[in-house]
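I am keeping these notebook entries as I look things up in a structure, going from one place to the next and writing down what I find.

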Amino acid sequence: MAPSVLIALTFLAFLGSGRAWAPVAPRRAAKTGLRASSQESPSASGRWQPGRFLRTAFFFNAPRLRGGAGQKNVVLPGEVAWDASSAAEWGVLDDVVMGGVSASQWRLEDGVGVWVGDVSTDNNGGFCGARTRLLDPPLDFSRARGVVLRLKGNGQRYKFILRDDADWNGTSWTFSFDTQAGRWIDVKVPFGALIPTKFARTLKGVAPFDNSKVTTFQLTYSKFEYDGGLNPKFRTGPFQLELEKITAF
């Protein structure tokens, strides 16, 4: 079945059932020379927006050029796996998938990835996310022990997520981290510290994380930590996280 047909049927099923099956709503990152503070930021709408749901579904499901079969990009310790010059495309994944009203936007600005949004718990929501499309070929970190995120936040707690397969709702290998308001920091993420989760619930009995085939980078800001526990540094309203690069160590 063609991706466009599948997306349309998914959307109609969503409207009919009141539940969401798949992805969400993206916005193509725009490269500008302006500072983040001078850009208009998205705001929670107060009601669910089916248009955002459909745009995101198309972004993450649209056909794209693929790399050679079996190829991998080896990332050695000290090498940059992602920065603003990388080809990886980011889109946003907000709680519109659950009927929520939170909204966020990803853009490239002055050589930095800027993720800004407005998170709301209305309509049973409470999270925003930014995620790359599938990295194809995947990244091979088998010679590294983890990654370092060079970023700046506003004092809130976020999650960094890696995936080692192409399953949309597969295992999310998750690491929570705190930011310092207005300060650039390096967040070290050892592969051995990643927690296997799905929908913020920890998983038992799963195969170990395969760092030789990383398929996705993701950032999440959520009211939930793990297994129903709440994020102690979560608050509704605007947020901003700037990501300069992801480096292997």
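**Entry 1: the second largest cavity**

By class, how many nonpolar, polar and charged residues does the lining of the second largest cavity have? I note before answering that the model I am looking at is a predicted one. For the lining of the second largest cavity I found 3 nonpolar, 3 polar and 3 charged residues. I then looked up their names, and the residues that line this cavity are Arg 157, Tyr 158, Lys 159, Thr 220, Tyr 221, Ser 222, Phe 224, Glu 225 and Asn 231. Two elements give two or more residues to this lining, namely β10, which runs over 157-163, and β15, which runs over 216-222. The space in the second largest cavity comes to about 30 Å³, and the count of cavities of 30 Å³ or more is 2.

**Entry 2: the whole protein and its confidence**

I stepped back to look up the overall values. The protein has 249 residues, of which 49% are buried, and its secondary structure comes to 2 helices and 16 strands. Among the contacts with a separation of 6 or more, 80% are between residues 24 or more positions apart. The protein exposes about 11,900 Å², and carbon and sulfur atoms supply 53% of that area.

I also looked up the confidence, and the average pLDDT is 81, with 71% of the residues scoring at least 70. Over residues 1-38 the pLDDT is below 50, although this stretch has 87 contacts in the model beyond near neighbours in sequence. Residues 65-69 also have a pLDDT under 50, and for them the model has 3 contacts beyond four places in sequence. I remind myself that where pLDDT is low, the predicted coordinates should not be read in detail.

**Entry 3: the second largest pocket**

Next I looked up the second largest pocket, in which about 390 Å³ of space lies. It is lined by 20 residues, and the closest to its centre are Ala 87, Ala 88, Leu 134, Leu 135 and Asp 136. The elements that give two or more residues to the lining are β2 (73-74) and β3 (80-83), and β3 supplies the largest share, with 3 residues. By class, I found 13 nonpolar, 2 polar and 5 charged residues in this lining.

The peptide bond from Asp 136 to Pro 137 is cis, with omega near 5°, and Pro 137 is found in the loop between β7 (127-132) and β8 (139-140). Glu 89 is found in the loop between β3 and β4 (90-92), and Glu 89 counts as partly exposed because its relative accessibility is 25%.

**Entry 4: two residues with positive phi**

Asp 110 has a phi of about 55° and is found in the loop between β5 (103-109) and β6 (112-119). Asn 124 has a phi of about 65°, and its place is in the loop between β6 and β7. With a relative accessible area of 74%, Asn 124 is exposed.

Is Trp 173 buried or exposed? Trp 173 lies in strand β11, residues 172-178, and I found it to be buried, because its relative accessible area is 6% and the cut-off for buried is under 20%. The C-alpha atoms of Trp 173 and Ile 161 are separated by 5.3 Å, although the two are 12 residues apart along the chain. Leaving aside neighbours within four places in sequence, the contacts of Trp 173 include Phe 160, Leu 162, Leu 194, Val 206 and Phe 209.

Leu 151, in strand β9 (residues 146-152), also counts as buried, at 1% relative accessibility. Leu 151 and Val 187 are 36 residues apart in sequence, and their C-alpha atoms are 7.7 Å apart in space. Not counting residues up to four places away in sequence, Leu 151 touches several others, among them Phe 177, Trp 184, Ile 185, Val 187 and Leu 241.

Key. Residues numbered from 1 in each chain as written. Predicted model: local features only at pLDDT ≥ 70, side-chain atom pairs only at ≥ 80, totals over all residues. Heavy atoms only, no water. 1 Å grid on protein atoms, 1.4 Å probe; cavity = no way out; pocket = protein on both sides within 12 Å on 5 of 7 lines; lining within 4 Å. Points joined across faces, edges and corners; volume = space filled by probe spheres on them. Helix = DSSP H or I, 4+ residues; strand = E, 2+ residues; numbered from the N terminus. Nonpolar A, V, L, I, M, F, W, Y, C, P; charged D, E, K, R; others polar. pLDDT = per-residue confidence, 0-100. Contact = heavy atoms within 4.5 Å. Buried < 20%, exposed > 50% of the residue type's maximum accessible area, 1.4 Å probe, protein only. Areas by Shrake-Rupley, 256 points an atom, 1.4 Å probe, with all protein chains shown as cover.
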